[in-house]
Amino acid sequence: MNTTEIYPPIGLSEPTSAEHADAVAAEQTSRVLVHQWVGKKLQILRQPPFKYALVGFWALCTLVVAGLSLSSHGVLPGYNHIDKVAHFSAYFSLAILPTFLSNNTKHIIIVICALAALGLGLEGLQSLLPHRASSFYDLLANLLGLSFGSTIGLGIRHWTNRMSA
C-alpha cells in the first residue's frame with residue numbers, strides 16, 4: 001500500500017494520509033482507554049468499603065458546614081460578599097457526593113431536600129443568634145450550590161456508568 005494515498009476523513013476536516021489517519025485513530029483509541037480506566041476507578045469509589053468511608057466523610061463535612069454556619073467566626077471582616085461564595089461552595093460540595101454515590105433517584109431527592117431544609121433551618125437559626133444575621137442571599141447561594149452540585153454529581157455518575165460498562 002502506498003503511504004501517500006488519500007483516505008476519507010476520520011473526525012478530520014480534510015482528507016489525510018494513511019500515517020496521519022493511523023495517528024489520529026491511535027490517539028482516539030488511547031483517549032477511550034483512559035476514559036474507561038478513569039471510569040472504572042471512579043466506579044470503585046461507589047462500592048463498599050469506599051462508599052461507606054465517603055458517606056462518613058460527607059456526614060462530617062455536613063456537621064462542619066452546620067457548625068461554621070452558627071459560629072461567630074462565620075464572616076471575615078471586610079469581605080462582605082465572600083460568604084456567598086462560601087455558601088455556594090459548601091452546598092455544592094455537599095450535593096455532589098450523594099448524587100455521585102447513589103443509584104436511587106428517590107434517595108438523591110431526599111438528600112437534596114434535606115440539605116435544602118438544613119440550609120433554610122440554619123439561616124433561620126442565625127436570625128436568633130446575636131452574633132449572626134440571616135440572609136435571603138445566603139439561602140439563595142445555598143440552593144444554587146445544591147443545584148449545581150447535584151447536576152455535576154449526576155453527570156459524573158452517568159459518565160462513570162457509561163465508561164465502566
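## Aromatic pairs

Searching the whole structure turns up three aromatic pairs (ring centres of Phe, Tyr or Trp, the last by its six-membered ring, within 6.5 Å; planes under 30 degrees apart are stacked, over 60 edge-to-face, the rest tilted). Phe88 and Phe92 make a stacked pair, because their ring centres are 6.0 Å apart and their planes meet at 25°. About one helical turn separates Phe88 and Phe92, since they sit four residues apart in helix H3 (helices are DSSP runs of H or I with at least four residues, numbered from the N terminus).

Phe88 is partly exposed at 28% relative accessibility, and so is Phe92 at 24% (buried is under 20%, exposed over 50%, partly exposed in between, with a 1.4 Å probe and protein chains only). Together with Phe148, Phe88 and Phe92 form one aromatic cluster.

## A note on the model

This is a predicted model, where local features need pLDDT of at least 70 and side-chain atom pairs pLDDT 80 or more, while totals for chains, interfaces and linings use all residues. Residues are numbered from 1 along each chain, and side-chain values use heavy atoms, without hydrogens and water.

## The nonpolar core

Ten residues make up the largest nonpolar core, among them Val65, Tyr91, Leu94 and Leu146 (buried Ala, Val, Leu, Ile, Met, Phe, Trp, Tyr and Cys joined through side-chain atoms within 4.5 Å). Helices H2 (50-70), H3 (82-101) and H4 (105-128) each give two or more residues to this core, and H4 has the largest share with four.

Beyond residues up to four places away in sequence, Val65 touches Ala90, Tyr91 and Leu94 (heavy atoms within 4.5 Å).
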